[in-house]
Amino acid sequence: MSTTTRATPATSAAGAGRPAGPGTLRLTWLHLRYQFLETVRVPIAVLGNLLFPALAMFFFVVPQEAVAGDPVAATTAVASLSLFAVCSASLFTYGLGVAEDRQLPFDPFLRSLPAGPAPRMVARIGNGAVFALFGLVPLTVIGWLFTEAGVAAVRLLAGVGTILLVSVPFVLLGMAVGYALPAKAALPVVQVILFPLAFAGGLFMPPQLFPAWLDGISMATPTRAGRDLLVQALTGQPAYGAAWAVLAGWVVVLAALAVTAYRRDEGRRFR
Amino acid sequence: MTTPPSPHAPPRHTAAAPTAAPTAAPVIEVTGVTRRFGTVVALDDVSLAVAPGELVGLLGPNGAGKSTLLSLVSGLRRPDGGAVRLLGGDPRDAASRRGLGITPQESGLPATLRVREVVDFVGGHYPDPVPTGELLEQFGLADLARRQTGAMSGGQKRRLAVALAMVGRPRVVLLDEPTTGLDVSGRQALWEAVRAYHAGGGTVLLTSHYLEEVQALAQRVVVIDQGVVRADAPLEQILRQVSLRRVVVHSAQDLSGRPGVVRAERDPGSDRQEVYTPDADALVRDLVLSGVAFSGLEVRGASLEEAFEQMVAHDGAARRAAGAMGTTVAATSATTAVTTQQGAAR
């Protein structure tokens, strides 16, 4: 997985007896381009991604004067909804998307092409990130126009970087579900995971209102760690001390789960 | 389907062939492989070696284990026991699959991508792909380059599927039911492409449940049924074993003892009998001359499934019959186009 050399079949084959293929980087770029093409050719999927977070913003944040009128509270609300949008996009795109893809007859063909799992997985993450960021654009614009939320350009950039980092465990969780379960099972599982995680992480209700025991649980979730880190990047309010450690721990655990699920997967399974 | 595809140019083995040719190590090597799905044993201790340049037909009824075997060779599944080698490596290792071409199922092409895009995408995985324009020209798809695959006809999709197997200049291709659902001219055109590829030194492992297809292409035939290799021999030898004719006739008299009858079945409570023989003409002649009362005479080629049953259950008897009537059998087999749809008849 480390080679990024371009194909030089004539020379390498003479030595190794087997021509060297395109490197992982080039394959990843190839998969990214075609996954992107496939996604944008179905415009409604892209629109859905843009609309849902924007609507949530209009229903739940803009009408609440106490939140919308306070710069920090409004920014925090935008941050929480953004993270929820990214979480839900990750879990659905990867959980449901992967599970559905595995049931397509083209999937075994793709798996038999001379590329390891990495190019496809990385491209999928990249593609998901691109569309998740698209989804944040209307959210940010609404926050900027209709609430007192306001962030300096540097902080906004830091926020975008943070949200991408913070989305990693959810992408991995989605993949673990997608590779482990058939589509019909993946859908309810994703829903059952997403809402409790979002609630416990304080994405719907500020964690300051939580009782102490719930706050303790909350701080162990990747959603809470992500939320606090994002708020810190955007507003400067410090996150709790263990936030990075919690996030990193989840990444390790969920990456192991995702890789195991991928390895065990052999396409559709029938008993 | 206006332009018939011209034969595919043989792969240029600029890099790979010289290293493989002198040793003639098997391109595909399956040794003692067992694969289970739950309690179902899909493959039971199967061994098979395919040498460079061979064109092997893999025959068997539905559910025989053909597709499972291909999925092991292409690295999609892992055997429960035994070993699978592809071009000298583990097929689950992506690098081993650089010299492999396989066909996607035609129904699975990404519907929103254009023909040219799919070819570019698949070709991008190989060190030295056939240029997209050239490949589309070879398979008569040049006019469709900008069409989305979802808008192609079934025959066009089949051609694209085989073209995708060839795009990486593979040393070995696995063709899984390559012409299912094609009309006669489409089938002929694809056979031409496969022959041209083979003539250029390529190795082919082809599955089909059309005996006709295997007969037209393969030199060597492997018959697989219920997860076991039932036969592995040159084409002529297999044909001799499976070219039985099925004679259906209504008669009050039991016909199982007539000369040349290898096997007979009688529906209980009816006078309808199914009789299997290598020489239907001789049997009919015999029936007429003997004066036996019969009606509703019907002669058909035995389906593969029936032929397999014959090979398995009555192996000895079939061989004796085939041996006794060697010349007749060879003559019949050339014109026999065995069909496979009669499973319901039994």
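This report walks through a helix of chain A and several sheets and strands of chain B.

The model is predicted: local features need pLDDT of at least 70, side-chain atom pairs count only at pLDDT 80 or more, and totals for chains, interfaces and linings use all residues. Residues are numbered from 1 along each chain as its sequence is written, while chains are lettered from A and ligands numbered from 1 in the order in which they are written.

**Chain A**

Let us start with confidence.

Helix α2 of chain A covers residues 24–40. Helices (H or I, at least four residues) and strands (E, at least two) are DSSP runs, numbered from the N terminus. The 17 residues of α2(A) reach 24 Å from first C-alpha to last, close to the 24 Å expected at 1.5 Å a residue, where the expected span is 1.5 Å times one less than the number of residues. Which residues of α2(A) are buried? They are A:Leu27, A:Thr28, A:Leu30, A:His31 and A:Tyr34. These residues cover an arc of only 160° around the axis, which puts them on the same side of α2(A); the arc is that of the directions from the helix axis to the C-beta atoms. An α-helix has 3.6 residues a turn, so residues three or four places apart point the same way. The buried residues of α2(A) pack against α7 (117–146) of chain A and α3 (115–123) of chain B.

Buried means 20 or more other C-beta atoms within 10 Å of a residue's own, exposed means 12 or fewer, and partly exposed lies in between, with C-beta atoms placed from the backbone.

**Chain B**

B:Ala161 sits in helix α5 (residues 154–166) of chain B. Why does B:Ala161 count as buried? Because 25 other C-beta atoms lie within 10 Å. Its C-alpha is 8.3 Å from that of B:Leu109, 52 residues apart along the chain.

Strands pair if DSSP finds at least two bridges between them. B:Val248 stands opposite B:Glu274 in β12(B).

Strand β8 (residues 220–225) of chain B is mostly covered, with 5 of its 6 residues buried. In the hairpin of β8(B) and β9(B), 2 residues lie between the strands, and B:Gln226 takes a positive phi near 50°.

Here are some strand pairs of chain B.

| Strand pair | Bridges | Sense |
|---|---|---|
| β1(B) and β2(B) | 7 bridges | antiparallel |
| β10(B) and β13(B) | 5 bridges | antiparallel |
| β10(B) and β12(B) | 6 bridges | antiparallel |
| β3(B) and β8(B) | 4 bridges | parallel |
| β8(B) and β9(B) | 6 bridges | antiparallel |

Notes: Contact = placed C-beta atoms within 7 Å.
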